[in-house]
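Take a look first, then we'll go through them.

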Amino acid sequence: MGLSNRANRFLANAKWKNSVHDEKDIRHAFEAVKLIPTEKLIDFQKRYGGLTIYAYLEPIVYGILHQAPSRGAFANETGLIITEPEDDIVVRHFACADTLYQETFTIDEDGRYYEGFELKCNHFETHVESMAMLEQVKKGKWKIVYEFELDVYRDCYETIDWKQYGELVKRLGLKKVEDFPDDVISWDTNGEILVWRKADAVIVLSEGSWKQAEQEMVEEIFPME
């Protein structure tokens, strides 16, 4: 999956930690646990191993394999960290970030990206695209004017309803931000506002005035409880 120029600039300016990128070393790590790596996992490690972002001051270093020194779950692990299917975890997961941040970051064998074992996007590239968009937004004067979130307990493992969001797109006249992929995450605009659809939230941002009619329209489709 290709990346937009916006995402490529984001990666070029990001911090990177030394990581495992050689395909032979990646395959050897899988052979050590008697697994055959999918091309999606190999590609993820080769392209994004060592990519570092920050949650406040805490670094999150992406990758299913890491070089020492490591700070989090990989501090005492030189190979893969695997979660086998059990209970609500229906597919095999691989820890895909080394961090002390209190969250679980995983990727499955088909390249789907999760946080807390909840699906965030079907392709890690979409996560990169969204981080690039968020960085761009932070450089502007955008402010959150409305935010709807699924209930963390009642709606666990659920995602934003596509039909509801489709109605919002129609009524607000939204169009996908140029070069943003089709996935669970979406960034859409009508030229005046930005709407960030996450897996579990809808966030409306504006640089100017937020019209009362638009507020009522969003509340009707995604009411705050």
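Q: What makes us say that α3 and α4 are in contact?
A: Asp-43, Phe-44, Arg-47 and Tyr-48 in α3 meet Phe-124, Glu-125 and Val-128 in α4, and contact means heavy atoms within 4.5 Å. By class, this contact has 4 nonpolar, no polar and 3 charged residues. This is a predicted model, where local features need pLDDT of at least 70, side-chain atom pairs count only at pLDDT 80 or more, and totals for chains, interfaces and linings use all residues. Residues are numbered from 1 along each chain as its sequence is written, and side-chain values use heavy atoms, with hydrogens and water left out.

Q: Why is α3 called roughly parallel to α4?
A: The axes of α3 (residues 39–48) and α4 (residues 124–138) cross at roughly 30°. Angles under 35 degrees count as roughly parallel, so α3 gets that label relative to α4.

Q: How do you know that Cys-96 is in no disulfide?
A: A disulfide is a pair of cysteine sulfur atoms within 2.5 Å. For Cys-96, the nearest cysteine sulfur, that of Cys-121, is 9.7 Å away, and the whole structure has 0 disulfides.

Q: Why does Cys-96 count as buried, and Glu-220 as exposed?
A: Buried means under 20% relative accessible area, exposed over 50%, partly exposed in between (1.4 Å probe, protein chains only). Cys-96 has 0% relative accessibility, so Cys-96 is buried; Glu-220 has 54%, so Glu-220 is exposed.

Q: What makes the pairing of Glu-220 and Arg-171 a polar contact?
A: Their side chains are joined at 3.3 Å. A polar contact is a pair of N or O atoms within 3.5 Å; within protein, one must be able to donate a hydrogen and the other to accept it, and residues adjacent in sequence count only if both atoms are side-chain atoms.

Conventions. Axes fitted to C-alpha atoms, helices over the stretch in contact; angles between N-to-C directions. Helix = DSSP H or I, 4+ residues; strand = E, 2+ residues; numbered from the N terminus. Parallel < 35°, antiparallel > 145°, perpendicular 65-115°, else oblique. Nonpolar A, V, L, I, M, F, W, Y, C, P; charged D, E, K, R; others polar.
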